[in-house]
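Biologist: I have a protein model open and would like to learn how to read it. Could we go through its features one at a time?

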Amino acid sequence: MARDKRPPLVRRTALREGLVDVDGARIAEATEELRHRSRANLHDRLHRVRMAGGLALQAGLAAGLAYFISHRLLGNPQPVFAPISAVGTLAASVGQRFRRTVELIVGVGIGVAIGDFLIYLLGTGAWQLGLVVTVAILLTIFAGASVAIVIQAAATAVLIVTLSPSTQNLEIPRFVDAFLGGGVALLVTAVLLPLNPLRVINRAARPALDLLAGQLDATAEGLRNRDRATVQQALERLRNNKEELATLGEAIEGAKETATLSPARWHRRDELTHYAEAADPIDRAMRNSGTLVRRSVTLIEDEEPVPDTMPDAIKHLAESVRLLKHEFAVGEEPEKARERSLRAVSEAGRAYGAGVGFSGSVVVAQIRTTASDLLVASGIEQEEANRCIRTAFGEQERPVGETAEPGATPKPPTAPPVG
């Protein structure tokens, strides 16, 4: 739509005479888009705050407790490294706290030891700082330490040199503080303030599963309306799912560790098993859905037939994902999610029987595969899931691409009951 280049006075006169404001529609559309993006951005930020709220409380408690023990109980007049070690342990070890805590403690201890020793021999200054960092890195690498230990040793050595104390004889207290901080961090996460592992996982799983369900819905609508742009947008959004999947995987590992270390969370172990075993099939469902959406774009481009039951099948897949998320969150057996997955396969069988092209047959196949992934995520063994998928799809012997005879109605497959 061309921009109205007439002077403002002329445009206002035209409006009074009942003509259309050419720019007004575009401005209103842009304003609405900005409003939508602002709401989405605010929602995303609030979700991140909720996700990090428990960690922030743990870090604050660990820092305060480490400072108190070092300063009041051990008599350290400058207990800098105890809270630093505690906070660093918590902030850098989400999902692998015990192993990373040990690594960070060792790294801090090495950095403190090397830094204090070389400062004692050489004093402080720019070249001393460079030498301390070089030696710390080389020694930790020679000892076969992990990357986390190397980085922490170097960073701690830098702090030692740059914060050279005015008070003498603090080498041993600093070394003790490094171990004290890590130990306090473990105490806080395992005993004093352990997070609810199921709540952590539910919050982390929501974005990944909502993303999958939302893009499947968009694909179904795009196919129904033969709207290539809508399906293409869903494909691009689904491709950018690494952050959601990484967050979910990290949350699962962290929750498993919390349930292992914290006596207060031991009763959650069985419930966590569902999520732990569901992580891989959910990842596969994401990937297979990506193929489904990509082929849907090609299907529209090639003007292949789209039976009404094909978008319905994809809609059922989206609803299955939502049901899986809900039933996991409330701790129920995901029977409704299983039934909806099989219903999706049943509708896909009808679509195949009605007649599809090459890309359409790929879409049908990916509906089956994604449904199988969701069944496995719900706790069904792969072999049993495959059997249920075959039964729900029905016997379809017509070659791919061959259209059904006029007036012939394919017998719809039925989904088996899921116990």
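Modeller: Start with the surface. The accessible surface of the protein chain comes to about 21,900 Å², and carbon and sulfur atoms account for 58% of that area. Keep in mind that this is a predicted model.

Biologist: How many helices and strands does the protein chain have?

Modeller: There are 15 helices and 0 strands.

Biologist: What share of the residues counts as buried?

Modeller: Of the 419 residues in the protein chain, 43% are buried. Contacts can be read along the sequence as well. Taking contacts between residues at least 6 apart in sequence, 76% join residues at least 24 apart.

Biologist: How do I read two packed helices?

Modeller: Two packed helices are described by the angle between their axes and by the distance between those axes. Here, take helix H14 (residues 358–377) and helix H15 (residues 382–393), which pack at an angle of about 140 degrees with their axes 9 Å apart.

Biologist: Why is H14 called oblique to H15 rather than roughly antiparallel?

Modeller: Roughly antiparallel requires an angle over 145 degrees. The angle here is about 140 degrees, so H14 is oblique to H15. The crossing of H14 past H15 is right-handed.

Biologist: Which residues make the contact between H14 and H15?

Modeller: On H14 they include Val364, Ala371 and Leu375; on H15 they include Ala385, Ile389 and Phe393. By class, this contact of H14 with H15 has 8 nonpolar, 3 polar and 2 charged residues.

Biologist: Now backbone angles. Where is Arg226, and what is its phi?

Modeller: Arg226 sits in the loop between helix H8 (197–225) and helix H9 (228–239). Its phi is near 50 degrees, a positive value in a residue other than glycine.

Biologist: Is Glu303 buried or exposed?

Modeller: Glu303 has 67% relative accessibility, so it counts as exposed. Glu303 is not a glycine either, yet it has a positive phi of about 55 degrees. It lies in the loop between helix H11 (269–301) and helix H12 (309–329).

Biologist: What does Lys325 touch, leaving out residues up to four places away in sequence?

Modeller: Lys325 touches Arg206, Leu209 and Asp210. Lys325 belongs to helix H12 and is partly exposed, with a relative accessible area of 23%. The C-alpha atoms of Lys325 and Asn202 are separated by 7.9 Å, although these two residues are 123 residues apart along the chain.

Key
Residues are numbered from 1 along each chain as its sequence is written. This is a predicted model: local features need pLDDT of at least 70, side-chain atom pairs count only at pLDDT 80 or more; totals for chains, interfaces and linings use all residues. Side-chain values use heavy atoms; hydrogens and water are left out. Helices (H or I, at least four residues) and strands (E, at least two) are DSSP runs, numbered from the N terminus. Buried means under 20% relative accessible area, exposed over 50%, partly exposed in between (1.4 Å probe, protein chains only). Contact means heavy atoms within 4.5 Å. Accessible areas come from the Shrake-Rupley method with a 1.4 Å probe; for residues, only the protein chains shown count as cover. Axes are lines fitted to C-alpha atoms, for helices over the stretch in contact, and angles run from 0 to 180 degrees between N-to-C directions. Angles under 35 degrees count as roughly parallel, over 145 as roughly antiparallel, 65 to 115 as roughly perpendicular and the rest as oblique. A crossing is left-handed if the near helix is turned anticlockwise from the far one by less than a right angle, and right-handed if clockwise. Ala, Val, Leu, Ile, Met, Phe, Trp, Tyr, Cys and Pro count as nonpolar, Asp, Glu, Lys and Arg as charged, and the others, Gly among them, as polar.
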